[in-house]
Amino acid sequence: MSVVSDSRTGTRLRIKASEMRVAEASKSYGDAHFRTDVVKDCSFTIERSKLTVMIGPSGCGKSTMIRLLAGFEAPSAGTITIDDKKVTGPGLDRLVLFQETALYPWMTTYDNVLYGPRARGATNKETLELAEFLLNKVGLQAFRDKYPMQLSGGMQRRAELARAMINNPHVMILDEPFRGLDAMTKELMWEYYSSLYEENRRTNFFVTTDIDEAIFLADRLLIMSNIPCRVRAVLEVDVPRPRKLAEVVENDRANQIKMEALSILHEEAMKSFSRGSKAAADFVEAYSKRMKG
Ligand code: ADP
């Protein structure tokens with residue numbers, strides 16, 4: 001258990017970070033003749049207090065894996081555990097942040113941030129202080145009384161981060177949360193998000209298709225195969241923290257890991273491409289451009 005404190009307000013946030021294990025998990029849909037194996041014999045660990053990023057091409061089964069981790073669906077085979085306890089359904093220990101905006105349009109930023117504790121009837125002095133602390137951390141104090149439509153896209157995502165973190169989950173799971181933001185806002189979000197992580201060292205699992213996002217954020221990078229979803233490689237992103245984008249872009253080690261990751265992803269895409277997948281063809285094209293750039 002770690003404690004994060006804000007010297008200005010005196011707020012103390014106790015963080016419990018859990019560890020999750022996926023062991024030989026498979027998930028298929030449909031009956032015998034039309035069965036699709038989306039995840040097959042997949043094993044990995046989401047290590048305690050680390051930021052694990054999963055990268056793989058669209059359609060490789062990442063969202064399916066998130067539904068299994070969250071307990072929204074059960075694996076067809078294998079097991080998923082949190083701190084050695086089997087996941088049998090959703091729980092307050094895990095929180096999923098999806099890419100779609102989840103803010104209520106009729107609530108102010110402040111009310112949106114406090115939504116979770118209020119819905120559970122768990123508002124007290126500590127949660128109210130925590131709301132202030134988080135609003136500060138995501139730079140939205142001045143926008144506390146604004147409604148979502150009065151916020152920019154980046155501000156909305158920051159409000160969502162605060163709204164998720166106030167629930168203090170033991171594992172935060174994020175499914176491409178910054179997709180659809182323009183490039184500059186996205187980069188700003190990476191810095192906000194990573195500094196929140198660096199401060200609280202909660203266990204985070206972040207899914208993306210963006211290699212630059214993956215390298216900037218990750219402690220550990222899981223590179224997935226094309227469908228059925230399986231871990232193709234695990235790379236330790238041993239780039240020092242706190243990270244600043246301007247420094248990571250220039251960092252030789254980060255660039256070396258990026259090239260390694262891209263070459264594995266390219267190989268995966270080529271395999272599917274040779275099997276005639278249109279999605280893989282798009283992927284090969286997109287990633288070839290990145291390699292040149
Ligand atoms: P990703 O998040 O990597 O884009 P998804 O997990 O959304 O991948 O989907 C992977 C594949 O699994 C898709 O091609 C889709 O056809 C298939 N799939 C996902 N959910 C279902 C379902 N409920 N029934 C049938 N097929 C599904």
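## Around the ligand

Helix α1 gives the largest share of the shell around the ligand, 3 residues. Helices here are DSSP runs of H or I with at least four residues, strands are DSSP runs of E with at least two, and both are numbered from the N terminus. This is a predicted model, where local features need pLDDT of at least 70 and side-chain atom pairs count only at pLDDT 80 or more, while totals for chains, interfaces and linings use all residues. Residues are numbered from 1 along each chain as its sequence is written.

So who sits around the ligand? The shell is made of Tyr-29, Thr-36, Val-38, Gly-56, Ser-58, Gly-59, Cys-60, Gly-61, Lys-62, Ser-63, Thr-64 and Ile-227. By type, the shell has 4 nonpolar, 7 polar and 1 charged. For that tally, Ala, Val, Leu, Ile, Met, Phe, Trp, Tyr, Cys and Pro count as nonpolar, Asp, Glu, Lys and Arg as charged, and the others, Gly among them, as polar.

## The whole chain

Zooming out, the chain has 10 helices and 12 strands. Of its 293 residues, 38% are buried. Buried means that 20 or more other C-beta atoms lie within 10 Å of the residue's own; 12 or fewer makes it exposed, anything in between is partly exposed, and C-beta atoms are placed from the backbone.

Contacts are pairs of residues whose C-beta atoms, placed from the backbone, lie within 7 Å. Among contacts between residues at least 6 apart in sequence, 69% join residues at least 24 apart.

Strands of a sheet pair through backbone hydrogen bonds, either parallel or antiparallel. Here, two strands count as paired if DSSP finds at least two bridges between them.

Let's walk across it. β3 (residues 20-29) is joined to β4 by 7 bridges, and Met-20 has Ile-46 as its bridge partner in β4. The hairpin of these two strands has 6 residues between them, and Gly-30 there takes a positive phi near 85 degrees. On to β6 (residues 77-82): 5 bridges join this strand to β3, with Ser-26 opposite Ala-77. Finally, β6 and β7 share 2 bridges, and Thr-81 is partnered with Lys-86 in β7.

## A buried strand

β10 (203-208) has 6 of its 6 residues buried, so the rest of the structure largely encloses this strand. In a regular strand the side chains alternate between the two faces of the sheet. In β10, Thr-203, Phe-205 and Val-207 point one way, while Asn-204, Phe-206 and Thr-208 point the other way.

Which way do the pairings of β10 run, parallel or antiparallel? β5 pairs with β10 in the parallel sense over 5 bridges, and Met-54 is opposite Val-207. β9 and β10 also run parallel, joined by 5 bridges, with Met-172 opposite Asn-204.

Helix α6 (residues 183-200) has 18 residues and should span 26 Å at 1.5 Å a residue, which agrees with its end C-alpha atoms being 26 Å apart. The expected span is 1.5 Å times one less than the number of residues. Its buried residues are Met-189, Tyr-193, Ser-194, Leu-196 and Tyr-197. Seen down the axis of α6, they fall within an arc of 155 degrees, so they line one face of the helix; the arc is that of the directions from the helix axis to the C-beta atoms. Met-184 and Glu-198, on the other side, are exposed. Just after α6, Arg-201 takes a positive phi of about 50 degrees.

α5 (153-165) is one of the elements covering the buried residues of α6. This helix is itself mostly covered, with 10 of its 13 residues buried. Among the buried ones are Gly-154, Arg-157 and Leu-161. Their cover includes β9 (171-175), α4 and α6.

Note on methods
Near = placed C-beta within 6 Å. Contact = placed C-beta atoms within 7 Å.
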